[in-house]
Amino acid sequence: MTAPWDDWNHIIKLDPDKTLAGDDTFEDVCETGTDAIEIGGTLDMTQEKMQAVIDACAKYDVALYQEPSNPAVVVDHNALDGYLVPIVLNAGDIAWMTGFHKEWVKMSDVDWETTTTEAYIVMNPDASVAELTDADCDQSAADVAAYAEIAEQMYGQEIVYIEYSGMFGDPDVVEAAQEKLDEATLFYGGGIHDYESARTMAQHADTIVVGDLVHDEGVEAVRETVEGARDAKKAHAESA
């Protein structure tokens, strides 16, 4: 059975606490050619902010997912294709492995048919997500590869997410993780800012995630990353 993200090359992650760049609109963002929009952020998240961005993207023809950072911000919306819920494998704070998730289950009837966890490995110690989760980011390529293997083989995760949020990561680390995965989809996020950076990481990750770029530089820059990801996958398919 295939999952939607099996065919994704590119995701835009929209932070509800940030504005779009320049005169860009949410219609512009949804029409960049990205495969999916993921709505989520680390700091100052509220249900109202989430709701506003979901409403703004709801009418456009692009896969739409919420990535809730805590159960209080979960939005029930017909336009959502589902929920991608982080668990942080290298978190020092256990709440990011099971704590918040337990509270969500206690608070509401979770729709498990549309809910999937993302097994995060956080790698930038200066990122907000690292500070918030107390993540141990001192991980070698072998460590990350082991986390990826554990995520898939022990915990049955469909998505492994290497997150360098705020910086461009090490392609060798991403490649090491990919080599350990059989069927899980490997997401990569962090420092994707142009065609070349997108193409570089898309050679190793199944799906690249662009976040800050859409808020800082805008949709024209994002379109370049869409092309970079697609060209990397096309080249890989032709060489296979």
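A residue is buried under 20% relative accessible area, exposed over 50% and partly exposed in between, with a 1.4 Å probe and protein chains only. By that rule Y188 is buried, because its relative accessibility is 0%. The model is predicted: local features need pLDDT of at least 70, side-chain atom pairs count only at pLDDT 80 or more, and totals for chains, interfaces and linings use all residues. Residues are numbered from 1 along each chain as its sequence is written, and side-chain values use heavy atoms, without hydrogens or water.

**Cores**

A nonpolar core is a set of buried Ala, Val, Leu, Ile, Met, Phe, Trp, Tyr and Cys residues joined through side-chain atoms within 4.5 Å. The largest one has 56 residues. L14, V29, I37, V160, I162, L186 and Y188 touch the most other members. Helix 9 (residues 219-239) gives this core its largest share, six residues. Helices (H or I, at least four residues) and strands (E, at least two) are DSSP runs, numbered from the N terminus. A second, separate core holds 22 residues, including W96 and A127.

Leaving out residues up to four places away in sequence, V29 touches I12, L14, L20, T34, I37, V214 and V219. I162 lies in strand 6. I162 counts as buried because its relative accessibility is 0%.

**Aromatic rings**

Rings of Phe, Tyr and Trp (its six-membered ring) pair if their centres lie within 6.5 Å; planes under 30 degrees apart are stacked, over 60 edge-to-face and the rest tilted. The model has 10 aromatic pairs. Why is the pair of Y164 and Y188 tilted? Its planes stand at 40°, with the ring centres 6.0 Å apart, so the pair counts as tilted. The pair links distant parts of the chain, 24 residues apart: Y164 is in the loop between strand 6 (159-163) and helix 6 (171-179), and Y188 is in strand 7 (residues 185-189). Y164 is buried, with a relative accessible area of 6%. One aromatic cluster is formed by W5, W8, Y65, Y120, Y161 and F187.

**Cavity and pocket**

On a 1 Å grid over the protein atoms alone, a cavity is a set of points where a 1.4 Å probe fits but cannot get out; a pocket is an open set with protein on both sides within 12 Å along at least five of seven lines; lining residues have an atom within 4 Å of a point. Grid points join across faces, edges and corners, and a volume is the space filled by probe spheres set on the points. Ala, Val, Leu, Ile, Met, Phe, Trp, Tyr, Cys and Pro count as nonpolar, Asp, Glu, Lys and Arg as charged, and the others, Gly among them, as polar.

| Space | Volume | Lining by class |
|---|---|---|
| Largest cavity | about 100 Å³ | eight nonpolar, three polar, no charged residues |
| Largest pocket | about 750 Å³ | 14 nonpolar, 15 polar, eight charged residues |

The structure holds one cavity of 30 Å³ or more. Its lining includes P68, N70, W96, F100 and W104. Helix 3 supplies the largest share of that lining, three residues.

The largest pocket is lined by 37 residues, and K13, T42, E163, S165 and D212 are the closest to its centre. Helix 4 gives the most to the pocket lining, four residues.

Methods:
Contact means heavy atoms within 4.5 Å.
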